[in-house]
Amino acid sequence: MTTAVAAAGVGTATRAGVEIRLENLRRRYGAVTALDGLTLTLAPGELVALLGPSGCGKTTALRLLAGLEEADGGRVVIGGHDVTGLPANKRDTGMVFQAYSLFPHMTAWENVAFGLQMRKIGAADRRRRAIETLELVGLGGFANRYAHQMSGGQQQRVALARALAIRPKVLLLDEPLSALDAKVRVRLRDEIRRVQLDVGITTLFVTHDQEEALAIADRVGVMQSGRLEQVGPPTTIYSRPATPFVAEFVGLTNRLPGIVRGGQVEVRGTSLPLVQPDAADGAAVALVRPEAVTFASDNETAAGPLVGTVIAVAFLGATSRVTVDLGDITVLAQLATSEAAAHPAGTRVRLALRPDAVLIARETTGATSA
Amino acid sequence: MSRNRRLKLQIFRVAVFLVLGAFFLLPIGAMFEFSTRGVTDTAPRTLNAWLTIGQTPDLVAAILASLGLAVLTSLGMLLLLVPTMIWIRLRLPYLTRAMEFLCLLPLTIPAIVLVAGLAPIYLWMNLNINDSILTLAFVYLILVLPFAYRALFTGLAAIDVKTLAEAARSLGANWGTVMLRVIVPNMSVAILNACLLSVAVVLGEFTIANLLNYVNLQVAIALLGRANATVSIAVAVASLLFAFILLVILSFAGRPRARVHLEDTGLPYPGAAGGGLR
């Protein structure tokens with residue numbers, strides 16, 4: 001595949017990538033604030049995923065970077081050049097959209113060649129580059145097909161080839177997998193990552209799918225209400241969330257009432273370290289991952305703060321999610337399927353909490369599993 | 001579906017087709033029959049009336065004027081509506097209702113009222129600018145707005161204009177290229193339909209031309225009918241046939257173009273194998 005990349009010239013032109021800076025971007029739609037001072041820097045060749053619920057501003061950020069919308073304030077800097085005032089067609093970005101965006105009246109290779117034609121590349125050269133870029137995404141044999149003759153996954157791969165063929169400074173992916181079925185989504189996700197690494201292009205990937213973001217990105221930025229809550233490597237986002245919102249949005253979280261005391265939180269008799277060790281003492285809610293909840297190895301299931309009844313077991317493949325009723329709250333535990341199978345619904349169990357650092361939220365009401 | 005039911009459905013379809021066919025063709029057949037009658041009841045059939053069409057200078061001038069008006073009106077309609085509708089869809093969607101209202105308004109205004117308003121303007125134009133019949137294209141442009149608007153609106157609604165435009169913009173296309181190279185080719189059928197409707201309206205228009213003292217095809221047919229009924233009917237049948245032929249031509253022109261194969265470009269055609277991600 002590297003050969004195809006080199007032949008297409010896609011990789012050689014952009015392999016170094018460029019730095020992208022979004023500086024204090026603001027955007028309002030009437031009374032709604034879509035972006036509230038977003039600042040984010042993408043290192044050359046880095047893939048950053050913006051993750052967040054609908055309406056959090058992630059797509060707005062991407063559209064401001066693409067030049068498809070104008071910011072109310074702030075700057076967009078691509079490769080050291082301030083492009084804030086430039087229209088979309090002058091920004092040198094390649095974009096793959098959530099909706100299928102191939103031009104229906106053109107074949108796959110004509111679609112890919114369109115951007116090259118806009119750059120006044122000669123007919124023979126643009127045909128050659130279009131075919132080579134299609135081969136890069138594994139669709140060399142589909143060059144003569146129209147959009148309606150291809151599956152959704154194939155269309156998005158052609159769209160990726162079209163975006164890459166112009167050798168843009170930045171690749172923008174606006175939920176390109178959300179219209180695809182689960183199996184194709186995973187395969188295309190890996191394909192996008194492979195091509196992005198091959199080409200070495202700086203990429204901003206917008207998604208509301210946390211699994212997608214965590215799997216594909218060098219760094220993940222979690223957004224809420226137009227602001228970045230946290231930016232960091234996927235493992236950090238997952239294991240050391242900076243805010244309760246990040247903890248609850250990324251992955252499942254049990255909300256367990258506890259008491260903060262001296263940099264630790266005591267949850268139903270178990271002392272857990274805190275992500276924010278300077279948290280003030282007092283009542284709090286500890287946000288505990290289901291993976292940090294295990295079954296205790298002893299058989300003391302008669303009573304105790306962590307003794308309860310299994311009320312449901314959801315099979316997820318290699319692991320299973322067990323729901324345990326502790327009387328006042330329910331707790332989710334993610335266990336190896338073999339272990340979960342030994343504790344069907346109705347079984348009394350005693351839980352144990354692994355001493356992973358947890359985040360605390362201050363509200364103490366409504367503590368249940370998330 | 002059972003065989004019996006399928007047969008009944010087929011019979012129903014054929015019956016509907018025959019009834020509608022008779023509804024449309026019988027009057028035209030009767031007109032054709034009338035236009036080929038001899039001078040007396042016993043005289044043999046003749047195509048004299050049809051042959052006379054080409055030998056009547058006023059009629060030929062009226063036909064050419066109507067064709068010119070059809071072309072001008074269609075062009076004007078396309079230049080006015082296509083970019084405006086695309087722009088409103090892309091950048092000013094809140095104006096959609098206002099645009100629709102304006103375009104459908106001519107349906108509610110009787111031709112006589114339109115003429116009452118336009119007569120002073122045409123009088124001034126005749127005296128100060130030009131008295132050519134082709135100036136009727138301005139008023140015909142208003143007449144065809146409702147029909148053309150609906151046809152174009154349907155075509156625009158069938159494609160994701162915003163995404164296609166944004167994709168083209170991100171690839172480096174300016175707004176002109178976006179419209180001409182990306183949007184218009186994908187609404188070509190709607191554009192052809194709008195043109196066909198415009199041509200049909202213009203070729204069939206009588207009232208306004210007559211009231212403004214212009215001789216277009218329909219006015220010429222009416223005038224000729226007073227002097228030579230068979231020729232006027234022959235012209236009417238010919239104009240219907242012309243509209244029919246135009247419809248057929250536009251239908252074929254509206255079909256997707258032939259695929260451009262890489263084999264034709266001289267490039268090596270990649271093997272059939274390729275990504276199988278479906």
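Residues are numbered from 1 along each chain as its sequence is written, while chains are lettered from A and ligands numbered from 1 in the order in which they are written. Because the model is predicted, local features require pLDDT of at least 70 and side-chain atom pairs count only at pLDDT 80 or more, whereas totals for chains, interfaces and linings use all residues.

Chain A is divided into domain 1 (2-239) and domain 2 (252-361), with bounds that come from an automatic or database domain assignment. The C-alpha centres of domain 1 and domain 2 of chain A are 40 Å apart. In chain B, 13 helices and zero strands are found; helices (H or I, at least four residues) and strands (E, at least two) are DSSP runs, numbered from the N terminus. Of the 278 residues in chain B, 29% are buried. A residue is termed buried if 20 or more other C-beta atoms lie within 10 Å of its own, exposed if 12 or fewer, and partly exposed in between, with C-beta atoms placed from the backbone. Among contacts in chain B between residues at least 6 apart in sequence, 75% join residues at least 24 apart, a contact requiring that the C-beta atoms of two residues, placed from the backbone, lie within 7 Å.

The largest nonpolar core contains 168 residues. Such a core is a set of buried Ala, Val, Leu, Ile, Met, Phe, Trp, Tyr and Cys residues joined through C-beta atoms within 7 Å. The members that touch the most others are A:Leu134, A:Ala161, A:Leu204, A:Ala286, B:Ala148 and B:Leu152. Helix α6 (residues 136-157) of chain B supplies the largest share of this core, 14 residues. At least three residues of the core come from each of domain 1 (2-239) and domain 2 (252-361) of chain A. When neighbours within four places in sequence are left aside, B:Leu152 is in contact with B:Leu81, B:Val82, B:Met85, B:Ala190, B:Ile191 and B:Ala194.

In chain A, nine of the eleven residues of α4(A) are buried, so this helix is largely enclosed by the rest of the structure. Among these buried residues are A:Trp109, A:Glu110, A:Asn111 and A:Phe114. After α4(A) comes A:Lys120, with a positive phi near 60°. The axes of helix α4 (residues 108-118) and helix α5 (residues 123-136) of chain A come within 8 Å and cross at roughly 125°, which makes α4(A) oblique to α5(A). Axes are lines fitted to C-alpha atoms, for helices over the stretch in contact, and angles run from 0 to 180 degrees between N-to-C directions. Angles under 35 degrees count as roughly parallel, over 145 as roughly antiparallel, 65 to 115 as roughly perpendicular and the rest as oblique. Residues making the contact include A:Trp109, A:Val112 and A:Leu116 of α4(A) and A:Ala130, A:Ile131 and A:Leu134 of α5(A).

A further helix pair occurs in chain B, where the axes of α7 (residues 161-170) and α8 (residues 175-186) come within 10 Å and cross at roughly 140°. The helices α7(B) and α8(B) are therefore oblique to each other. Their contact involves residues including B:Leu164 and B:Ala168 of α7(B), together with B:Val178 and B:Val182 of α8(B).

Strand β5 (residues 81-82) of chain A contains A:His81. With 13 other C-beta atoms within 10 Å, A:His81 is partly exposed. The C-alpha atoms of A:His81 and A:Glu19 are separated by 9.9 Å, although these residues are 62 residues apart along the chain.
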